[in-house]
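Subject: Structure for you to look at

Hello,

Please find the structure below, followed by notes on what was found in it. Keep it open while you read.

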Amino acid sequence: MINDALVFDSTLHLADLSAEGLGDAITDKAEMDATVELTNRLVGGIGNLDLVNYRHADGTYDLPPEFGGTIEAMYDWAFKRAPIDMALVGNAPVIPTGAILRAPEKYLRFVSEMMKAHPERLLFGGGTDPSGQLGGTPTAGSVKDALESVELQITEFHASSIKFYPVGWRCDDEKFAYPLYEKARSLGVNVIQFHKNLPTLRENVESQGPHDLQQVSRDFPDMTILLHHPMQLYFYETVSIAQRNPNIYLVCTPLIQYSLYRPRLAQELFGHLLHEVGSEKLIWGSEGVLVGNPTRILDAFSKLEIPQDLREGYGFPQFTEQDKANIVGATLATVFGIDVEAKKQELAALPTGR
Amino acid sequence: MPVIDTAELQRRMQKVQTLLNWHLGSIELASVSADGTVKVRFLGACAGCPLKPVTLVATVRRVLAGVEGVERVEAIGVNISPEAELSLAALQE
């Protein structure tokens with residue numbers, strides 16, 4: 001909690017990175033060679049798969065414990081060492097070396113166990129990739145597989161949304177993409193998320209633009225769309241899209257992180273967002289655990305103000321306490337139909353360690 | 001000045017690499033200097049990520065910090081001011 005505001009993280013990337021979590025070791029040489037070749041082509045280097053077990057038999061770590069892959073370590077990272085109250089657990093774009101692609105059921109079981117341990121604090125974000133290329137909880141690379149994955153995640157693992165990392169396909173493709181949204185909606189899930197504005201590898205930047213979400217917004221007015229990464233690339237387009245489409249919300253990473261080490265840029269971009277979109281459509285995310293504990297970043301954000309020259313020169317409004325409460329949690333709570341005050345009381349009544 | 005334990009450095013670099021692979025990123029060792037400065041280069045999704053200064057401080061430096069002889073860890077392409085470095089240093093705690 002920050003200043004009595006519920007802190008609800010929209011982008012907590014969890015995975016069990018221990019050897020057990022990563023699934024069976026690759027023992028087939030041809031498979032290993034193919035994995036190494038693909039990974040080198042995609043990202044330039046592959047970690048040594050023999051060295052991924054960070055947790056020693058005696059329970060100690062030689063890396064920061066959040067990478068150890070235990071539910072306790074993840075709980076400690078998010079809810080004890082950081083002021084997070086709730087989190088939407090989501091996947092990250094992954095490559096074939098990763099646990100999620102190699103053993104999706106193990107990833108889902110890990111998240112499921114974590115949610116069972118802390119049901120008051122966690123929602124499962126879900127995700128899939130119909131192209132089978134890069135992101136999301138994996139598929140073999142077809143719409144049919146992705147549809148099955150959506151159904152599995154919602155019906156068996158209680159996903160509250162489905163997130164997509166569209167690379168090489170358009171979000172407004174009626175044959176390729178729309179069946180996935182319709183499947184989620186038919187199963188009672190009305191929140192879909194999209195990675196935008198942040199190219200991952202060497203794809204054309206225009207493929208990452210937010211433009212194709214406009215038609216999705218119009219065609220699925222009863223669904224809520226979380227558009228991730230309003231940042232420098234396509235910023236004004238993103239602002240315009242969020243301003244005019246009532247069901248599009250913005251997940252403001254990396255802007256929150258900029259509060260710590262690029263405060264002037266954070267002031268300018270948040271100034272635009274407050275002025276033109278409004279904090280009731282803005283959401284924060286930690287992007288943890290790889291980018292570190294968010295405590296300092298949330299501290300910096302809680303102190304962030306719109307300075308006088310920007311208020312005078314651009315007409316930006318000053319942050320209010322309600323704006324910050326919306327951004328750190330209330331907006332996301334509203335998206336998922338959670339009563340903020342009731343949730344705060346529920347969490348306050350939990351025994352220590354929950 | 002202690003000599004860098006290159007075997008341990010390589011071992012930890014591989015672990016960092018695997019962590020970054022998880023997010024479609026990667027990293028490589030660019031150079032090691034006699035004064036204890038290690039330079040790395042981000043690859044894959046990390047190369048164009050606006051949060052790579054944060055990843056450098058919160059993950060890469062924390063993992064490499066325990067290697068004997070390593071005094072500094074810098075990343076090619078992470079060009080930030082001393083003031084921003086100072087702000088980010090809090091993440092290394």
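**Two helices in chain A**

In chain A, the axes of helix α9(A) and helix α11 (residues 263-276) come within 10 Å of each other and cross at roughly 25°. An angle under 35 degrees counts as roughly parallel, so α9(A) and α11(A) are roughly parallel to each other. Their crossing is right-handed. On the α9(A) side the contact is made by Phe235(A), Val239(A) and Gln243(A), and on the α11(A) side by Leu269(A), His272(A), Leu273(A) and Glu276(A). Sorted by class, the contact of α9(A) with α11(A) has four nonpolar residues, two polar ones and one charged one.

Please note that this is a predicted model.

**Chain A as a whole**

Chain A has 15 helices and eight strands. It holds 354 residues, and 50% of them are buried. Take the contacts in chain A between residues at least 6 apart in sequence: 75% of these join residues at least 24 apart.

Most residues other than glycine have a negative phi, and most peptide bonds are trans.

- A cis peptide bond joins Thr253(A) and Pro254(A), with omega at about 10°. Pro254(A) lies in the loop between β7 and α10 (255-261) of chain A.
- Another cis peptide bond runs from Gly288(A) to Val289(A), with omega near 15°. Val289(A) sits in the loop between β8 (282-283) and α12 (295-303) of chain A.
- Glu287(A) has a positive phi, near 60°, and is not a glycine. Glu287(A) is also in the loop between β8 and α12 of chain A. With 29 C-beta neighbours inside 10 Å, Glu287(A) counts as buried.
- His158(A) is not a glycine either, and its phi is positive at about 60°. His158(A) belongs to the loop between α6 (143-155) and β4 (162-164) of chain A. It has 16 other C-beta atoms within 10 Å, so it is partly exposed.

**Chain B**

How do helix α1 (residues 6-21) and helix α2 (residues 52-64) of chain B pack? They pack at an angle of about 155°, with their axes 9 Å apart. That makes α1(B) roughly antiparallel to α2(B). The crossing of α1(B) and α2(B) is right-handed. From α1(B), the contact is made by Leu9(B), Arg12(B), Lys15(B), Val16(B) and Leu19(B); from α2(B), by Thr59(B), Val60(B), Val63(B) and Leu64(B). By class, the contact of α1(B) with α2(B) has six nonpolar, one polar and two charged residues.

Is Pro82(B) buried or exposed? Pro82(B) is exposed, with 7 other C-beta atoms within 10 Å. It lies in helix α3 (residues 82-88) of chain B. Pro82(B) and Thr55(B) are 27 residues apart in sequence, and their C-alpha atoms are 17 Å apart in space.

Regards

Notes: Residues are numbered from 1 along each chain as its sequence is written. Chains are lettered from A and ligands numbered from 1 in the order in which they are written. This is a predicted model: local features need pLDDT of at least 70, side-chain atom pairs count only at pLDDT 80 or more; totals for chains, interfaces and linings use all residues. Axes are lines fitted to C-alpha atoms, for helices over the stretch in contact, and angles run from 0 to 180 degrees between N-to-C directions. Helices (H or I, at least four residues) and strands (E, at least two) are DSSP runs, numbered from the N terminus. Angles under 35 degrees count as roughly parallel, over 145 as roughly antiparallel, 65 to 115 as roughly perpendicular and the rest as oblique. A crossing is left-handed if the near helix is turned anticlockwise from the far one by less than a right angle, and right-handed if clockwise. Two residues are in contact if their C-beta atoms, placed from the backbone, lie within 7 Å. Ala, Val, Leu, Ile, Met, Phe, Trp, Tyr, Cys and Pro count as nonpolar, Asp, Glu, Lys and Arg as charged, and the others, Gly among them, as polar. A residue is buried if 20 or more other C-beta atoms lie within 10 Å of its own, exposed if 12 or fewer, and partly exposed in between; C-beta atoms are placed from the backbone.
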